[in-house]
Amino acid sequence: MIDNLLLGFSALMTPMALLAVFAGVTGGVIIGSLPGLTSTMGVALLIPLTFSMPPEAGLAMLGGIYLASTYSGSISAILLNIPGTPAAVATLLDGHPMSQKGQSMRALALATFGSSIGGILSVIALFLIAPPLADFSLKFGSPEYFLLAIFGITVIASLSAGAMIKGLIAGLFGLLLSTIGAHPVTGDVRFSFGSPILYDGIPMVVSLIGLYSIPEVIAMISRKQVKIEESSKTPPRSALSFLPEALAQRVNILRSSLIGIIVGIIPGVGCSVGGFLSYDAAKRASREPQAFGKGSPEGIIASETANNAVTGGTLIPLLTLGIPGNPVTAVLLGGLMIHGLRPGADLFTLNAEITYGFILSLLVANLLFVPIGLFFARYCAKVIQIPTAILAPCILALAVIGSYSIRSSLEDSLIMLFMGVVGFIMTFFAVPRAPLVLGLVLGTLAESELARSLALVQGDVLAFATQLVTRPICIVLLILCAYALYQGIVQHRRNSNLLDT
Amino acid sequence: MRLDQKRESLFCGLAFLTAAALILASLGYDIESAYFPLLLSLLMGVLAIALFVQTLMPHSKETAKAQTEAADQSDRDQNDKDRAVMRDQLIGFFKIFVAVLAYIAGIQLTNYTVATLAFLILMMGMLGTHKVLHLALVAAGMTALLSYLFFTFLGVTPPEGLMAFG
Amino acid sequence: MLNSVKTTLTALSLTLGLGFGAAAQAADFPQKPVAMIVAYSPGGGTDTAARVLAKYIQHHLGQRLIIQNKPGAGGQIGFTALSKSKTDGYKIGFINIPSIFLVKMLRDDVPFEMSDFEMVGNIQLDPVVLTVPADSPYKNFADFAKAAKANPGGLSVGGDGPQSNNQLQLVVAEDVLGMDVNFVPFNGSGPAITATLGNQIAASVPSASSATNHVKSGKLRALAVFADKRYPYMPDVPTIREASGMDVPGIGASMRGVAVPKGVDEEKRRKLEAAFKAVVEDEKFQAHIQRMGLPLAYMSADDFAAYLKEAEAGIAKYSDLLK
């Protein structure tokens, strides 16, 4: 193991590789913080840049972009209530309220430190126990994915505390939106109004941009009172001063990282689900659950630690088995292949130097985005002080071009506007949006895996039901779902006795 | 009914109509392809009704007292304030919606650069920026920044409008 | 009379001038970068292949090749965009066969026709392989066929789908070999392979390029490749004819070629053809492709067009089974 470390070290310690990591992290921080630019796009579109670089440098840069952009989505989530990347949706639930109380720096610092630690822990997992974890990921078949999606959906209940029925309706609507497009097994196209651009459904990132940017801009221009910026009156505390607070949440960090790593190794689930699941778990375990949604530091740390831990997790099946778990790792796989590297045993033996160099570069990237991110965030915090008359049109322009660029399609900008209308309607009627996002993310997974499970048993529903209660992982997931539902009911009863909702 | 009850009921109505529309649409497809959305929309319709019922029923002594004191002057003031806030929000929504729609149409009619410059200048002006210098600088700077970031740095193809340049 | 001579001379010189002008234009073609529409998302297999092409073709084309991604609807959006593009020769496209046929044949209201395109050349050929997990009881194709025939509709075979070229190949194979298996669609060859590795399905029909790594590392066993020749990166895998004794047409094999919208100047099209032929023969390009494990199978513009006419009939015959 030490020799592997040293091998990696020697590959990494070249000026080119280090510069590549630095460039990747800086680029990633900027890309992730802009709503409209996502990690996938950043990695995919910058791959040609790496063509002429040696493999270690090219991979290091791509890895840096991946990690840094997953983290930096929290910057705009906290400051503007607009998630910069899907991974940051759970962060805005508490990040933005904390920022509104004038504690922007605290929220940003907690998010940064949490992300970094989560990322580091997941890289360590990648380094030490990749093969057995990868084998575990293979045990996930369609029934397991279906139950995982159901479990994720039960989290909707915890995101709707205080407005249970409205939250459920939002979640259902999100699930319904995800059914737009071709059915994953029959190929039948639903709800597309004959427009080919909807054959693949409503793109998730486009929805996010519309759902959060438009209502936020509307709120900005219709707010008559002066914005409360207490932080401009008191001298801003340095970010480092919040490090002890972050580190004090040991249990939260460890649990969130674990959830993130596990979600990461299961192909096809994704960073945002990791953030939500961890947020939910933290809320259940917390001594102050009612603070969640109003600026709870635990919520921010849970979400950000988990979504960065997912990144390391996704690299485990990628490097050991050549299985990409999300669009970014699929692109990374392409990147690996372009540089002539084949995932599998070869990667750790023949190409050991490059591989361990890459893993170490991830570690460096996780550390590097702390100073770079906080430096960048401090300037971003100033951005929200720009007069609304200037800021609002700029955000809208970014939203339009951002949603266009994912598929080079202006129709996507229209879809963004439509989702913006949906978002406005929801904020107008005080319906929480996070459940809709979760429904949108998990709906496709639930529907396709259910259809696929049934296809695998030739439509025999009884056989499928038997599978659900006999396969070991399914049993665990069923217990988790049951527990989540039970807890949800208990909490709801408790809440409705305290308040009168 | 109180204002907030009216608002909640309106939402229930919207949700119910959406659910009904989706149920009708789902029935137009093969059952194998549509059972998922069908079940979900049925559930949504049921929840919309449940929410409506919950909104109308008093839940505790507090809300029951509030209902009997609805004629109170302070409540009427609150209602007026709420109404004003809602009206502002709706006006804001309308402005933004039309603006963004016009912007997207503009990109198709002219090209990205022209449309973005026009959009930024017009919007900033509408929202209250009067200094021409600010308008020009921000519009030009932002357009240049976005163009560079997306079209040059990331290599995305610019949207094709009718005007060749840009 | 003098007037009409003047008129005739003027007309003649104008025509000659225009002719020379056009020829001169075509002779200098390309004078600015050429854009190639790729109907799939950045980072995917098609896009990656296109970008590698773009990297090495500049030298042969004289100008840069810019990739424009127009993904969506299984390629329909990109193909439609290509069919409607300007015919000045600066807009070309990277097309996938049989996907472009399947999109046209399996859907209503598709706004392009195959006659809207003219070919420049084919670059890649990626056939479908039949794979099973390494610990599967089926050691060769005969074992698999026997089990499939003994259990009609019972054996689960996964693949990209629905209505993909992989499913097309499977359907053709079932028809010729007299088997009936249970096709289970996945969201790409990758997830289908994952399911195979995890023993969730009995077998899968991924693209050869996506299976290569796994077969090489010993985790996946390839029983046969649906092509006339053995796959260069997996030379130990028998062709379907060697493995079963029957001829299964390889129309499900994924081909990637270059096309232009109909109406482009013949000279320009030939120039493009020459440039792509040159890059395919370029040593550096070949070395890079080898490192990546992507299979080359060049066809000239005319050969490619002829092949497509032939394939169309075969695909039409089987596409009904995919509906």
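**Entry 1: confidence**

pLDDT is the predictor's confidence in each residue, on a scale from 0 to 100. I began with this score because the model I have open is a predicted one, and pLDDT is the predictor's own confidence in each residue.

For chain B I noted a mean pLDDT of 85, with 87% of the residues scoring at least 70.

I then looked up chain A, whose mean pLDDT is 87 and in which 96% of the residues reach 70 or more. Here helix 15 (residues 345–349) of chain A has the lowest confidence, with a mean of 74, while helix 18 (residues 410–428) of chain A has the highest, at 95. I also marked residues 228–233 of chain A, where pLDDT stays under 50 and for which the model has 6 contacts beyond four places in sequence.

Chain C averages 88, and 92% of its residues score at least 70. I found its confidence lowest in helix 1 (residues 2–28) of chain C, at a mean of 60, and highest in strand 5 (residues 129–133) of chain C, at 96.

**Entry 2: the domains and the sheet of chain C**

The domain assignment divides chain C into domain 1, made of 31–126 + 254–322, and domain 2, which covers 129–244. I read off 27 Å between the C-alpha centres of domain 1 of chain C and domain 2 of chain C, and the contact takes 14 residues from domain 1 of chain C and 15 residues from domain 2 of chain C.

I next traced an open sheet in chain C, in which 6 strands follow the order 2-1-3-10-4-11 with mixed pairing. Its edges are strand 2 (65–69) and strand 11 (296–300) of chain C, each of which pairs on one side only, and the twist from one strand to the next averages 25°.

Looking at one pair, I saw that strand 1 (residues 34–38) of chain C runs parallel to strand 2 of chain C and pairs with that strand over 5 bridges; one of the residues I checked was C:Val34, whose bridge partner in strand 2 of chain C is C:Leu65.

I also followed helix 10 (residues 266–281) of chain C, which lies across several strands, including strand 1, strand 2 and strand 11 of chain C, and runs at about 15° to strand 4 (117–126) of chain C.

**Entry 3: a helix of chain A**

I compared the length of helix 16 (residues 352–383) of chain A with expectation: at 1.5 Å a residue its 32 residues should span 46 Å, and its end C-alpha atoms are 44 Å apart, which agrees. I did note a kink of about 30° at A:Phe369 in helix 16 of chain A, shortly before the proline A:Pro371.

**Entry 4: backbone exceptions**

Most residues other than glycine have a negative phi, and most peptide bonds are trans, so I looked for exceptions.

In chain C, a cis peptide bond with omega of about -5° joins C:Ile97 and C:Pro98, and C:Pro98 lies in the loop between strand 3 and helix 4 (99–106) of chain C. Another cis peptide bond, with omega of about 5°, joins C:Gly161 and C:Pro162; C:Pro162 sits in the loop between strand 6 (156–160) and helix 6 (165–177) of chain C.

Key:
Residues numbered from 1 in each chain as written. Chains lettered and ligands numbered in written order. Predicted model: local features only at pLDDT ≥ 70, side-chain atom pairs only at ≥ 80, totals over all residues. Heavy atoms only, no water. Pairing = 2+ DSSP bridges. Helix = DSSP H or I, 4+ residues; strand = E, 2+ residues; numbered from the N terminus. Axes fitted to C-alpha atoms, helices over the stretch in contact; angles between N-to-C directions. Contact = heavy atoms within 4.5 Å. Expected span 1.5 Å × (residues − 1). Bend = angle between axes of the 7 residues up to and from the residue. Domains from an automatic or database assignment.
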